Amino acid sequence: MGSPADQLSSARGWAAWQRSEPYTIGLEEEVMLLDPEDWSLAQRSDDVLPQLPPGLAAHVSAETHQGAIELSTDAHVTVGEAVAQLRELRAWLAEELAGQGLAVAAAGTHPFALWSETRVSPASRYQVILRTMADLARREPTFALHVHVGVPDPERAIRLLNQLRAHVPLLLALSANSPFWQGRSTGLASTRTSVFGAFPRTGLPRRFRSYEDWVSTVDALLRCGAFPEPTFLWWDVRPQPALGTVEVRAMDAQTDPGATAALVALVQSVARLELEEGYAAEQLVAAEELLAENRFLAARDGIEADLLDPAAELRRPARAQLRAVLDAARPHADALDCRAELEGVARLALEPPFLRQLDIAERRGRLPGLMAELAAAFVPERS
């Protein structure tokens, strides 16, 4: 007869779980197309994509807005392999775009883009978004880092989803890289979080009792016509049955691929920590409102946030929480061969990306100067 999850998946083909190797990693990085004359967003993805060579085009796709495209890696066993491919894709893309008179950069937002200059991609998926989201689809684009973690079966995937919800505020705090919006400093470390949150079906998902619970929930929405297929759920963490992964979507895109490597190593190590040991306390995992508040605090203050701790009934510095998570995750990083990348998290916490943007903007005096430095960092020179 098979398990309830297997029976449910056979009845609903979209929910069939594609078995994957545990803890394999795949990356998706949303990046911005730029006009190097003035460093504005170049609304040209519809022109750019057909001109890319086949080997690169296989790893590049359109996004909702024509000023954005997405790079995606293959699945890899180690973080080092995944980030090495991402570096190669970045270098190849930058070279191809230079030939088309364009530049490219990565951060959570473009600091001075305006909605009036934004164009929605013509692809059918994004025209559905435009039709169903109205002006929400016309707002300025945001740029995120997505990390897929391989999970061999759906029940463990749901268990991982439930536990990773407790880590979203910390991951968001570390990755915060979007302090500017429409030409001004917003006072938020991750403006992307609040802007993208205007879409429905974003933020933290609820806990699910089982894979069957998740499939039934999503299937009800599909049958009622809420959206055409499950990837229109833009939660911070979501299962991807067709890939056999749990996808973490809460983080801002990173300017420096070294920062990306550190964040990916943390996600991979914490995923193994949770599935092998069950690290996050039940009291925190169950605290829906508290997790939502921590998510806001992380978006506002980045790694400098004080996050709510339900066990101690007080606020604890995010950096203190990070130290505890790193101590628990290091043995798992060793098992996954990503200890070197994980140690980069400490540097990321000491030099937060959002503060670096604010410093560059003040030093350069104008936001185009900031964009020039972000573009230069897209393919950093190797020492």
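How many cavities of 30 Å³ or more does the count come to? I looked this up first, and the count comes to 2.

**Ground rules**

I am working with a predicted model, where local features need pLDDT of at least 70 and side-chain atom pairs count only at pLDDT 80 or more, while totals for chains, interfaces and linings use all residues. I number residues from 1 along each chain as its sequence is written, and side-chain values use heavy atoms, with hydrogens and water left out.

Rolling a probe the size of a water molecule over the atoms shows where empty space is left. I use a 1 Å grid over the protein atoms alone: a cavity is a set of points where a 1.4 Å probe fits but cannot get out, and a pocket is an open set with protein on both sides within 12 Å along at least five of seven lines. Lining residues have an atom within 4 Å of a point. Grid points are joined across faces, edges and corners, and a volume is the space filled by probe spheres set on the points.

**Cavities**

The largest cavity holds about 40 Å³ of space. I listed its lining: Trp214, Pro230, Thr231, Leu233, Arg238, Pro239, Gln240 and Pro241. Strand E11 (residues 237-240) gives the most, with 3 residues. Helices (H or I, at least four residues) and strands (E, at least two) are DSSP runs, numbered from the N terminus. By class, I find 5 nonpolar, 2 polar and 1 charged residues in this lining. Here Ala, Val, Leu, Ile, Met, Phe, Trp, Tyr, Cys and Pro count as nonpolar, Asp, Glu, Lys and Arg as charged, and the others, Gly among them, as polar.

The second largest cavity holds about 30 Å³. His167, Leu170, Leu171, Leu266, Val270 and Val325 line this cavity. H7 and helix H10 (257-276) each supply at least two of its lining residues. The lining has 5 nonpolar, 1 polar and no charged residues.

I turned to the open spaces next. About 580 Å³ lies in the largest pocket. It has 37 lining residues, and the closest to its centre are Glu30, Glu63, His146, Trp234 and Arg249. The lining divides into 12 nonpolar, 13 polar and 12 charged.

I then checked Glu63. Is Glu63 buried or exposed? It is buried, with a relative accessible area of 14%; buried means under 20%, exposed over 50%, partly exposed in between (1.4 Å probe, protein chains only). Glu63 sits in the loop between strand E3 (60-62) and strand E4 (68-72). Glu63 and Pro141 are 78 residues apart in sequence, yet 9.1 Å apart in space, C-alpha to C-alpha.

The second largest pocket has about 320 Å³ of space. Of its 19 lining residues, Tyr279, Leu284, Asp309, Arg316 and Gln321 are the closest to its centre. Its lining divides into 13 nonpolar, 4 polar and 2 charged.

**Helix H16**

I ended with H16 (residues 353-364). Which residues of H16 are buried? I noted Pro353, Phe354, Gln357, Ile360 and Ala361. The face turned away from the buried side carries the exposed residues Glu362 and Arg363. The buried residues pack against several elements, including H12 and helix H17 (367-376); contact means heavy atoms within 4.5 Å. Gly365 follows H16, with a positive phi near 85 degrees.
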